[in-house]
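Here is a short briefing on one protein model. Look at the sequence and the structure first, then read on by topic.

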Amino acid sequence: LQTNQDDNEKLTKGKVLLVFLPRGCDACKKEIPNIPQALPSLVPKMSVYGVYVEERGDVDRFIKENQITFPVLLDTGGRIFAALHITLIPAKVLIENGTIIKIWFGSSPNKSAFIKDVGEVEQ
């Protein structure tokens, strides 16, 4: 992931949820609103990041067009995407202290389902 050292440390400590959301994916566009709605329930327990495999300029435009307000990381070249053997999108990866706990695919129909998919209880 293209990130700085501080972000790298954030990704390997505690619980982290990575949501892979390629721009051309219709199911991913349906997932995007669930993330900021779920953040108040999830953020006290984990960090949540959208992950994009495209180039920075394309992602910057996409973020503005879709009013994305959650943190976003870049996996330029798709190295992490490929290493995790992701075959369907959107894909969600739950990591705890640097260890992958769970990988699952598909969009959640709403905020409550998104939180339940992550394995948390809505507050």
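Arg61 counts as partly exposed, because its relative accessibility is 48%. Buried means under 20% relative accessible area, exposed means over 50%, and partly exposed lies in between (1.4 Å probe, protein chains only). Salt bridges that share partners join Arg61, Asp58 and Arg23 into one network. A salt bridge here is a side-chain nitrogen of Lys or Arg within 4 Å of a carboxyl oxygen of Asp or Glu.

This is a predicted model: local features need pLDDT of at least 70, side-chain atom pairs count only at pLDDT 80 or more, and totals for chains, interfaces and linings use all residues. Residues are numbered from 1 along each chain as its sequence is written, and side-chain values use heavy atoms, with hydrogens and water left out.

**Salt bridges**

- The structure holds three salt bridges.
- Asp58 pairs with Arg61, and their closest N and O atoms are 2.5 Å apart.
- Asp58 and Arg61 are three residues apart in helix H4, so about one helical turn separates them.
- Asp58 also forms a salt bridge with Arg23, where the closest N and O atoms are 3.8 Å apart.
- That pair links distant parts of the chain: Asp58 sits in helix H4, Arg23 in the loop between E1 and H2, 35 residues apart.
- Asp58 is partly exposed, at 26% relative accessibility.
- Arg23 is partly exposed too, at 28%.
- Lys92 and Glu31 meet through their side chains in a salt bridge (2.7 Å, N to O).
- This pair also links distant parts of the chain, with Lys92 in strand E4 and Glu31 in helix H2, 61 residues apart.
- Both Lys92 and Glu31 are buried.

**Overall fold**

- The protein chain has six helices and five strands.
- Helices (H or I, at least four residues) and strands (E, at least two) are DSSP runs, numbered from the N terminus.
- Along the sequence, the pattern is α-β-α-α-β-α-β-α-β-β-α.
- The C-alpha atoms fill a box of roughly 35 × 30 × 25 Å along the principal axes.
- Of the 123 residues in the chain, 41% are buried.
- Among contacts with a separation of 6 or more, 62% join residues 24 or more positions apart.
- A contact means heavy atoms within 4.5 Å.

**The buried side of helix H3**

- Helix H3 spans residues 34–42, and its buried residues are Asn34, Ile35, Ala38, Leu39, Ser41 and Leu42.
- They cover an arc of only 165° around the axis, so they lie on the same side of H3.
- The arc is that of the directions from the helix axis to the C-beta atoms.
- The cover over these buried residues includes strand E1 (15–20), helix H2 (26–31), strand E2 (47–52) and helix H6 (111–118).

**Surface**

- The protein chain exposes about 6600 Å², and carbon and sulfur atoms supply 50% of it.
- Accessible areas come from the Shrake-Rupley method with a 1.4 Å probe; for residues, only the protein chains shown count as cover.
- Leu88, Ile100, Ile103 and Phe105 form a nonpolar surface patch, with about 330 Å² of accessible area together.
- Patch residues have over 30% relative accessible area and no salt bridge; like charges are joined within 9 Å, nonpolar side chains (Val, Leu, Ile, Met, Phe, Trp, Tyr) within 5 Å.
- Ile100 lies in strand E5 (residues 99–105).
- Ile100 is partly exposed, at 41% relative accessibility.

**Backbone and loops**

- Most residues other than glycine have a negative phi, and most peptide bonds are trans.
- Gln67 is not a glycine, yet its phi is positive, about 50°.
- Gln67 is found in the loop between helix H4 (56–65) and strand E3 (72–74).
- Gln67 is exposed, with a relative accessible area of 67%.
- His85, also not a glycine, has a positive phi of about 55°.
- His85 lies in the loop between H5 and E4.
- His85 is exposed, with a relative accessible area of 62%.
- The peptide bond from Ile89 to Pro90 is cis, with omega near -5°.
- Pro90 lies in the loop between helix H5 (79–83) and strand E4 (91–96).
- Asp75 lies in the loop between E3 and H5.
- Asp75 is buried, with a relative accessible area of 0%.
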